[in-house]
Structures are given as C-alpha cells and as structure tokens.
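Subject: Handing over a structure

Hello,

I am passing this structure on to you. Please keep it open while you read; my notes follow it.

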Amino acid sequence: MTPLLQVQTLRRRAPAQVVLIHGLFTNSAFWLPYLERFADFQLTLVSVDYDALLRSSDAPGELAAKIDAHIGDKPAHLIAHSFGCWLAMYLQTSFLSRSFICPTFASQSFDREAFCSQIGQLTTVDMASVSSLVDRAVAFKQTRSADLRYLPDDAFYLPEDDPFFRYVERLECGNTYAYRGGHFDLSWPLAAIAANSPDVSAGATLPASVK
C-alpha cells in the first residue's frame, strides 16, 4: 500500500530549500527533468497519494500540517503544479515565495474527457480509476474554494495552450503570468522562477519573443 505522504530531501546542507508538490497521476519523479535549475538549493520533494487523500475523511489541512513539519525552519520557496496547488494553499509555512503552475483552482472550464483520455494514454491506471479520481478532484474544487489563502506576492503561471483547462485572466491577489505552453509543459515557468526574474510585468502576458 502506498503511503499517503512521502517526503524526500536532497542536498540537505544547502542554506535554503525549494519545496515541490506534484499534481494528480504523477509523483515526485515528475520534477526530475527540472531539478538542476535549483542546484544551489535543498530539494524537498513531496509525494502525495491523491487517490487516498480524496477518499480519506481527514481534512487536507491535516496532511498540510505534516508537510509543514517536514519543511521545518529552513528558509523555503514553494512550487506546486496542477492539483498540487490546492494542497500547497493549505501550508502554513512562511515561504520566501510561492509559485503555482497550472493551478486547477484558477480554471473556469475543464475538458474532462480529453484529460481522462490523455491520462489513460500516459499511465497504466485503468480508465475507471482515472475517471473516479478526476470526479473526486472536481468535487473537491466545488466544495473547497473558500479554503484558498492568497498572499500578495503569490505567483500564478497559467498556460495559454492548455488543452484541458481554460483559466481566468487574473487571480484576485498576487501576480499572474500567462505563457505559451501546455498543462505538462513547465519549462518556461520553472526557468522564470529559478531566475527569480520573469520577463513579464505583473499580470501581463509574455512578449512574442519569449513565446
């Protein structure tokens, strides 16, 4: 049985850390192609069994509290993707920065059939299980929006070419960055986060030269 929460820590001697939280149907290995962008940081890789979480009677805040305990007192930046952005919103750690890539809570429409079909092609999960988990995630969004805790310096990265989600133009707080890319294309936002200097102004879309 897969544990509900697993946390792997790399480069423990680094003075600051980057906390990475994946989305549905992936795990901490999702971040492997991008880890060298954060070579000077401790990496805190959070792996969550969302199927178990969304079946559990425990509030997501309880799982978030365990993640906060793993993070500890070392200065930390937070990066979350897709459904993982929901869990990230429950964390109480005072992060140096919080970045949300493809946050599903910012979507205004969702192509369920296309998403389930793509997941069925990319994973070994049977379609019935894919559909069940997606439906529970959608139900979670419908009942948990009041739990969202926005901060003024939050950064939201919304892909313009996402084939599954259509996002709002701007979140109610923080900085919103639109970029050319799909739901699983994290190259530009992670490069911008790692450089700590996005080539856009708050709330603006990327210049054509960057797209």
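Let me start at a single residue. Arg-11 is partly exposed, with a relative accessible area of 31%. Buried here means under 20% relative accessible area, exposed means over 50%, and partly exposed lies in between (1.4 Å probe, protein chains only).

A word on the source. This is a predicted model: local features need pLDDT of at least 70, side-chain atom pairs count only at pLDDT 80 or more, and totals for chains, interfaces and linings use all residues. Residues are numbered from 1 along each chain as its sequence is written, and side-chain values use heavy atoms, with hydrogens and water left out.

**Salt bridges**

How many salt bridges does the structure hold? There are eight. The term covers a side-chain nitrogen of Lys or Arg within 4 Å of a carboxyl oxygen of Asp or Glu. Side chains of opposite charge can pair when their charged atoms come close.

Arg-11 takes part in one of them. Its partner is Glu-36, and their closest N and O atoms are 3.4 Å apart. This pair links distant parts of the chain, 25 residues apart: Arg-11 sits in the loop between β1 and β2, Glu-36 in the loop between β2 and β3. Helices (H or I, at least four residues) and strands (E, at least two) are DSSP runs, numbered from the N terminus. Glu-36 counts as exposed, at 60% relative accessibility.

Next, Asp-51 and Arg-136 form a salt bridge, with 2.7 Å between the closest N and O atoms. Asp-51 lies in helix α1 (residues 50-55) and Arg-136 in helix α5, so this pair ties together parts that are 85 residues apart in sequence. Arg-136 is buried, at 18% relative accessible area. Asp-51 is partly exposed, at 28%.

A further salt bridge joins Asp-161 to Arg-180, the closest N and O atoms being 2.8 Å apart. Asp-161 is in the loop between β7 (155-159) and β8, while Arg-180 is in the loop between β9 and α6 (187-195), 19 residues apart. Both are partly exposed: Asp-161 has a relative accessible area of 35%, and Arg-180 has 42%. Salt bridges that share partners also join Asp-51, Arg-55 and Arg-136 into one network.

**The sheet**

Seven strands form an open sheet with mixed pairing. Their order is β1-β3-β2-β4-β5-β7-β9. Which strands are at the edges? They are β1 (5-10) and β9 (175-179), each pairing on one side only. Two strands pair if DSSP finds at least two bridges between them. Neighbouring strands of the sheet are turned by 15° against each other on average, direction ignored. Axes are lines fitted to C-alpha atoms, for helices over the stretch in contact, and angles run from 0 to 180 degrees between N-to-C directions.

Strands β2 (residues 17-21) and β4 (residues 76-81) run parallel, joined by five bridges. Within that pairing, Val-18 stands opposite His-77 in β4. Helix α2 (residues 60-71) packs on the sheet and touches β1, β2, β3 (42-48) and β4. The direction of α2 makes about 20° with that of β1. Contact means heavy atoms within 4.5 Å.

**Helix α4**

Which residues of α4 (residues 112-122) are buried? They are Phe-115, Cys-116 and Ile-119. Seen down the axis of α4, they fall within an arc of 95°, so they line one face of the helix. The arc is that of the directions from the helix axis to the C-beta atoms. An α-helix has 3.6 residues a turn, so residues three or four places apart point the same way. The buried residues of α4 pack against β6 (107-110), α5 (127-144) and β8 (165-167). The face turned away carries the exposed residues Glu-113 and Gln-121.

His-22 is in the loop between β2 and β3. It is buried, at 0% relative accessible area. A polar atom of the His-22 side chain lies 2.9 Å from the backbone nitrogen of Val-48. Leaving aside neighbours within four places in sequence, the contacts of His-22 include Trp-31, Tyr-50 and His-81.

Phe-25 is also found in the loop between β2 and β3. Phe-25 has a positive phi of about 65°, although it is not a glycine. At 19% relative accessibility, Phe-25 counts as buried.

Ser-82 is in the loop between β4 and α3 (84-89). Its phi is near 55°, a positive value in a residue other than glycine. Ser-82 is buried, at 6% relative accessible area.

Best wishes

Conventions
A polar contact is a pair of N or O atoms within 3.5 Å; within protein, one must be able to donate a hydrogen and the other to accept it, and residues adjacent in sequence count only if both atoms are side-chain atoms.
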